[in-house]
Amino acid sequence: MIFKTIALAADHAGYPVKELIKKHFEGLGVRVKDYGTDSEASTDYADYAHPMAAAVEQGEYEIGIAICGSGNGINMTVNKHQGIRAALCWNVEIAEMARLHNDANICTVPGRYVSHEEAINIVDKFVNTSFEGGRHQKRIDKIPLK
């Protein structure tokens, strides 16, 4: 596994998948920080997404995984941080390309639209794929607002 530290965040709709992912990575010996939520009670994704994204942005955690119902709201939220390149990943191929070509540092998952098995496959591919660099680096360098 490429990454040894992972930050997690989810709202109520993403909670079951977050718990599954957390258990999966902890079982592999990965250091996981869970920024919440801690139940399926209705909550706002931004309350958990911003602290998690800040931790990834500041280098406290190498990579992040964020889950909400569609994946869109939590993805939009974490991408407000200049140092974050989050990708909405609904299948393994998208997760691989997000790392390979975009050097994404947060994988967002649509918790209500992927099976538990697919969610694990998506995040496994994301954390086990290296950035290709090369011609892609100049594109990555143009993403942040100066």
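This is a predicted model: local features need pLDDT of at least 70, side-chain atom pairs count only at pLDDT 80 or more; totals for chains, interfaces and linings use all residues.
1. Numbering runs from 1 along each chain as its sequence is written, and side-chain values use heavy atoms, leaving out hydrogens and water.

2. On the overall fold, I get six helices and five strands, in the order β-α-β-α-β-α-β-α-β-α-α along the sequence. These are DSSP runs numbered from the N terminus (helices H or I, at least four residues; strands E, at least two). The radius of gyration is 14 Å, close to the 15 Å from the globule rule for 146 residues, so the chain is as compact as a globular protein of that length (taken over C-alpha atoms; the rule is 2.2 Å times the number of residues to the power 0.38). The C-alpha trace spans about 45 × 30 × 25 Å along its principal axes.

3. Contacts next (heavy atoms within 4.5 Å). Of those with a separation of 6 or more, 72% come from residues 24 or more positions apart.

4. Have a look at α5, residues 116–127. Its twelve residues reach 17 Å from first C-alpha to last, close to the 16 Å expected (1.5 Å times one less than the number of residues). Its buried residues are Ala119, Ile120, Ile122, Val123, Phe126 and Val127. They cover an arc of only 160 degrees around the axis, which puts them on the same side of α5 (directions from the helix axis to the C-beta atoms). That set packs against β1, α1, β3, α4 and β5.

5. There is one aromatic pair (Phe, Tyr or Trp rings, the six-membered one for Trp, with centres within 6.5 Å; planes under 30 degrees apart are stacked, over 60 edge-to-face, the rest tilted). Tyr35 and Tyr61 have ring centres 6.4 Å apart and planes at 90 degrees, so this one is edge-to-face. Tyr35 is in the loop between β2 and α2 and Tyr61 in the loop between α2 and β3, so the pair ties together parts 26 residues apart in sequence. Tyr61 is buried, at 10% relative accessible area.

6. Two charges sit over rings (NZ of Lys or CZ of Arg within 6 Å of the ring centre and within 35 degrees of the ring normal). The charged end of Lys33 is over Tyr35, 5.2 Å from the ring centre. Arg99 lies over the face of Phe126, at 5.9 Å from the ring centre.

Methods. Buried means under 20% relative accessible area, exposed over 50%, partly exposed in between (1.4 Å probe, protein chains only).
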